Amino acid sequence: MKEPDSKRKKNSKNKRQILTVTYLFVALFLAMMGYTCHYAITNRQELINNSYNGRQEILTAQNTRGTIYAAGGQVLAETQTDEDGGETRVYPYANLFAHAVGYASNGKYGIEAAGNYYLINSNAKLADKVANDMEGVKYPGDNVFTTLDVDLQEVASQSLGIYKGAVIVTEPSTGRILAMVSKPDFDPNQIDEMWDDLIRDKESTVLLNRVTQGLYPPGSTFKIVTALEYIRENPDTYNQYRYQCSGRFTHGEDSINCYHKTVHGSEDFAKSFAKSCNSSFANIGIGLDRARFGSTLRQLLFNEELPVTFAYNQSRLTIDGDTPDSEIIQVAIGQGVAQITPLHLNMITCAIANNGMLMKPYLVDCVKNYEGNIIRQFNPDTYKRLMSEEEAAALNGLMQEVVKSGTGTKLSGLPYTAAGKTGSAEYNSVKTDSHAWFTGFAPAEDPEICVTIIIEGAGSGGDYAVPIAKRIFNAYFDV
Amino acid sequence: MELYITELSKYFITLFIALYTLECFLVFRIQDEEKRSGCYMRQNLLMFLVHFSCFLVICFETGNVEYLLFYILQQILLFATIVLFRMIYPRGNRLIINNMCMLLSIGFVILSRLSFEKAIKQFFIVTVSVIVSMIIPYFIHKLRFLKSLTWIYAAVGIAAIGIVLILGSTTYGSKISYSVAGVTFQPSEFVKIIFVFFLASALYESHGFLRVVLTAVLAGIYVLILVASRDLGSALIFFVVFVMMVFIATGNWLYLFLGGAGGCGAAMLAYRFFTHVQVRVQAWRDPFSCIDDAGYQITQSLFAISSGGWFGLGLFRGTPDSIPFVEADFVFSAVTEELGIAFSMCMILICISCFIAFMNISVRLKDKFYQLIAFGLGVTYIFQVFLTVGGGTKFIPMTGVTLPLISYGGSSVLTTLVMFFIIEGLYIIRQEEGAKRVKKKKRKQRAERTEYEGTRLEAEEEQQK
């Protein structure tokens, strides 16, 4: 007996619809499964560091916290266990790495926080874990090997002396951070005893890492950015720029003075930059396309997230078509509303040194288990191009001129060629008070290291920051 | 020693369940149930291995002999279920029974780990439920009048959840249960089945516009009562099942789109007017901003899911107990933490395998009423899995429903077992439909042959003459 045609047709249509619903649900589940795996695996570290996550305590109870090493193999932080099983975290260099390595109690900070996941986990061999179980000893946690260089860190710290300020030294071609000093500092061995006092004192900035979180007016170092924008807008003619400096630039009711009212006289683009002539740069600033300037700033990561895995503050500066003349002449010389962290300025400088390409800055080189087998290797990682190779080369040339004939001559006459830019950022109305800035690299032909220095309230960059850069470069090149 | 067992068993358990899951899907490539026998035997072996390895770890970790005894009881129950079912219903579908037992055994493992008392209680309920459900396929098969009880289903279902709304006890903001003689029931679980029967009987014959509207009104009452009881998860399940079943019954895509649009509209209204809906959506979008209150459960669940990695921390090595209501609503997260993501993904795939088996049965059933039942129960099952897994992993907002067969909860497990056995009943019906057709075909062939032989004989006779 045959079914009527219409009924059969309906039946097969019905079948198709049931199958459609089936596929729909299967697809939905596949999406959900993919999402779940991805979420769980990629967020594993971040979630385990959350203070609401009790699993951290299980791991700390199970494993002895791992050791943190400098690039040269020196111990920067280790856990010592006494006979009764009591544990103490010891920092052999005391204050020296306070902000870079941080501390592991009272909330975590520095590499102790960033590398926490690795330090509290143990990839010891199963047989060793069993042996430890027998003896009733905790498993050895994994060790973190940093990119930090003890010698450079010492030079940087000693050079800053009693000043408040920050120094960061990096490798532009890889993004490795070689030194990171912020002052005032503290002794992480004493953190538990000091904690209450530090927290009670709301004015204290001892616990602030000025390298990554200190926001400063960039001062004349910002002329790097202004110069980049001018080169972008006048790629073929910027070398024909001429200006007659009278020590003062006046636009309507607003005026800009050169540092200490110096009269620079007749100058071209390179001399304006080398001498850090405020009047000339205010003049350049007023002619810039502000909307384009705004997009260059975004490209250079102002008001943007930085590609780093530790805590930092975003630099602040917005320019658009509505920015008034009175503001743009201030911004062009790095005064006014602009705020930048030493880390961010260092990244821009690194990009110039690395032909325009920014590498992601990083502090942890690799993680090894207690036997020295590599658990995780962090390789240099390109972030993105901040400027073209031509632009980077032009800026490099301008920065070499600063050292040769401008405000950075204290770095000249050395076996290596340095390049950089100084800054003296005024931070209040009393004209003599300024932060001393220097950002630069060496050797200029094939940059190996890049330093950024700020000394709070010291005076001019050329007098106070450049000598520190010199000491660091000398230490690095063994001069 | 324990460490060796825990660490190595992690990989073995994952391997066993992965192979089991593979068989779950390979079996679909074989059409003939008889030839699937090899697959089923391997599945039973792998299920035994997973269950055994898990309890081996539990015994070593706790050093408690009670777990060993408990394990033996469970093994007897699972073994008896598989063997008895095969004896009573030789024509039954063994894939569904295997998957059911596999999921039950995972449930026993994780509940034993979370709370021994609750696991014992659950075991008792499961035993009773299996015995009760075992007779269902027989009745489904015999009771032909089930098709004509449309309005009775509607009335019973609405009454059951209506009573809870009025008299039920409030647990954590939802009125979903009431207690009789010390036993707490959650009627919205059982009503899921009644609801599917109601829709199937209302729509299998006539699905004109008026019929659909009438059905929609009654289904709407169900959903509204559940919304008023603040049982949003169940309300959502009922709604989706309604839309899907109307779509299949009428074959009209318009109803699917109308239902989808209506659902979105209703969700938007609910978000605007109910603060508890807003709180849940907020906790879904950014649970870490409200980690102290609304986001606490979900963030703890996320911690659990992320901490185990592919192979898990090992049983008793994590802290799944930090998630509130872990044994009911967040059992998936507990499994993921201690047995690993790979394991829990296999578990989801086993659920999908059940769903595909249900849909296969639905597609092949000739009788529209039975077809709608199989389809409706399948959607109910899989959508509930979706809500609980998705809610625990922040894929969708949390609704607080159980993971069928694995979560702690008597009403939930009894309902799911009944659903599974109803589908077994439908499978047997479909086998007989098929057998009848084959018989008819054979009879016809035989008749034709006799006719042919008859004529040949006649011809020969004539020749002889």
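Of the 479 residues in chain A, buried ones make up 48%. Keep in mind as you explore that this is a predicted model.

**Chain A as a whole**
- Chain A contains 18 helices and 19 strands.
- Its C-alpha trace spans about 105 × 85 × 45 Å along the principal axes.

**Where chains A and B meet**
- On chain A, 34 residues are in contact with 34 residues of chain B.
- Four helices of chain A each give two or more residues to the side that touches chain B: H1 (5–42), H2 (44–49), H3 (55–62) and H7 (126–135).
- Helix H1(A) gives the most to this side, with 20 residues.
- Sorted by class, the side of chain A that touches chain B has 19 nonpolar, eight polar and seven charged residues.

**The nonpolar cores**
- The largest nonpolar core has 146 residues, and B:Met245, B:Ile423 and B:Leu426 have the most contacts inside it.
- Helix H15 of chain B (residues 341–364) provides the largest share of this core, 18 residues.
- Leaving aside residues up to four places away in sequence, B:Leu426 touches B:Ile140, B:Ile361, B:Leu365, B:Tyr370, B:Ile373 and B:Ala374.
- A second, separate core has 121 residues, including A:Leu76, A:Ile231, A:Cys258 and A:Ala419.

Technical notes:
Residues are numbered from 1 along each chain as its sequence is written. Chains are lettered from A and ligands numbered from 1 in the order in which they are written. This is a predicted model: local features need pLDDT of at least 70, side-chain atom pairs count only at pLDDT 80 or more; totals for chains, interfaces and linings use all residues. Two residues are in contact if their C-beta atoms, placed from the backbone, lie within 7 Å. Ala, Val, Leu, Ile, Met, Phe, Trp, Tyr, Cys and Pro count as nonpolar, Asp, Glu, Lys and Arg as charged, and the others, Gly among them, as polar. A residue is buried if 20 or more other C-beta atoms lie within 10 Å of its own, exposed if 12 or fewer, and partly exposed in between; C-beta atoms are placed from the backbone. A nonpolar core is a set of buried Ala, Val, Leu, Ile, Met, Phe, Trp, Tyr and Cys residues joined through C-beta atoms within 7 Å.
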